[in-house]
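Please look over the chain shown below before reading on.

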Amino acid sequence: MPGVFVAPLWPEIFRQDNERKQTMDEAERTFHALVAVYAELGYELVPLPLAPVETRLRFVLSETAS
């Protein structure tokens with residue numbers, strides 16, 4: 001089954017604004033619900049590192065290079 005990149009909740013950078021209306025608690029519940037559904041459907045979950053965007057990009061590119 002294909003893999004799915006998931007971005008874990010990162011409390012240190014979490015912000016609410018006009019586009020992100022969820023509270024931290026709601027965002028955490030959403031994350032866990034999505035992870036549960038993907039896992040139930042048999043997807044391999046690949047968590048993104050809690051790192052700067054450039055590092056995350058390198059991670060995704062290295063994971064998809066094979």
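Which side chain meets that of R29 in a salt bridge? The side chain of D25 does so, at 2.2 Å from N to O, where a salt bridge is a side-chain nitrogen of Lys or Arg within 4 Å of a carboxyl oxygen of Asp or Glu. The model is predicted, with local features requiring pLDDT of at least 70 and side-chain atom pairs counted only at pLDDT 80 or more, while totals for chains, interfaces and linings use all residues. Residues are numbered from 1 along each chain as its sequence is written, and side-chain values use heavy atoms, with hydrogens and water left out.

**Overall layout**

- The secondary structure of the chain comes to two helices and two strands, with helices (H or I, at least four residues) and strands (E, at least two) taken as DSSP runs numbered from the N terminus.
- Read along the sequence, these elements follow the pattern β-α-β-α, and the C-alpha atoms fill a box of roughly 40 × 30 × 15 Å along the principal axes.
- Of the 66 residues of the chain, 14% count as buried, where buried means under 20% relative accessible area, exposed means over 50%, and partly exposed is in between (1.4 Å probe, protein chains only).
- Among contacts between residues at least 6 apart in sequence, 58% join residues at least 24 apart, a contact being heavy atoms within 4.5 Å.

**Salt bridges**

- Under the rule given above, the count comes to three salt bridges.
- In the pair R29 and D25, the residues are four apart in helix α1 (residues 24-40), and are therefore separated by about one helical turn.
- D25 counts as partly exposed because its relative accessibility is 45%.
- The side chain of R29 also makes a polar contact with that of D25, at 2.2 Å; a polar contact is a pair of N or O atoms within 3.5 Å, of which, within protein, one must be able to donate a hydrogen and the other to accept it, and residues adjacent in sequence count only if both atoms are side-chain atoms.
- The side chains of R58 and E54 meet in a salt bridge at 3.0 Å, N to O, and both residues lie in helix α2, four residues apart, or about one turn of the helix.
- With a relative accessible area of 48%, R58 is partly exposed, whereas E54, at 55% relative accessibility, counts as exposed.
- R20 and D17 bring their side chains together in a salt bridge of 3.8 Å, N to O, and D17 is partly exposed at 35% relative accessibility.

**R56, a buried arginine**

- R56 is found in helix α2 (residues 53-64), and this residue is buried yet has no salt bridge, the nearest side chain of opposite charge being that of E12, 9.2 Å away; Lys and Arg count as positive and Asp and Glu as negative, while His and the chain ends are not counted.
- A polar atom of the R56 side chain lies 2.9 Å from the backbone oxygen of P49.
- Apart from its neighbours within four places in sequence, R56 is in contact with A7, W10, L48, P49, L50 and A51.

**Two alanines in contact with R56**

- A51 is found in the loop between β2 (44-47) and α2, and counts as buried because its relative accessibility is 13%.
- Beyond neighbours within four places in sequence, A51 is in contact with W10 and R56; A51 and W10 are 41 residues apart in sequence and 9.7 Å apart in space, C-alpha to C-alpha.
- A7 lies in the loop between β1 (3-6) and α1, and counts as partly exposed at 43% relative accessibility.
- With neighbours within four places in sequence left aside, A7 is in contact with F31, L48 and R56, and its C-alpha atom is separated by 5.9 Å from that of P47, 40 residues away along the chain.

**The largest pocket**

- About 330 Å³ of space lies in the largest pocket, where a pocket is, on a 1 Å grid over the protein atoms alone, an open set of points where a 1.4 Å probe fits, with protein on both sides within 12 Å along at least five of seven lines.
- Grid points are joined across faces, edges and corners, and the volume is the space filled by probe spheres set on the points.
- The pocket is lined by 14 residues, of which P8, L9, W10, F14 and R20 lie nearest its centre; lining residues have an atom within 4 Å of a point.
- The largest share of this lining, four residues, comes from α1.
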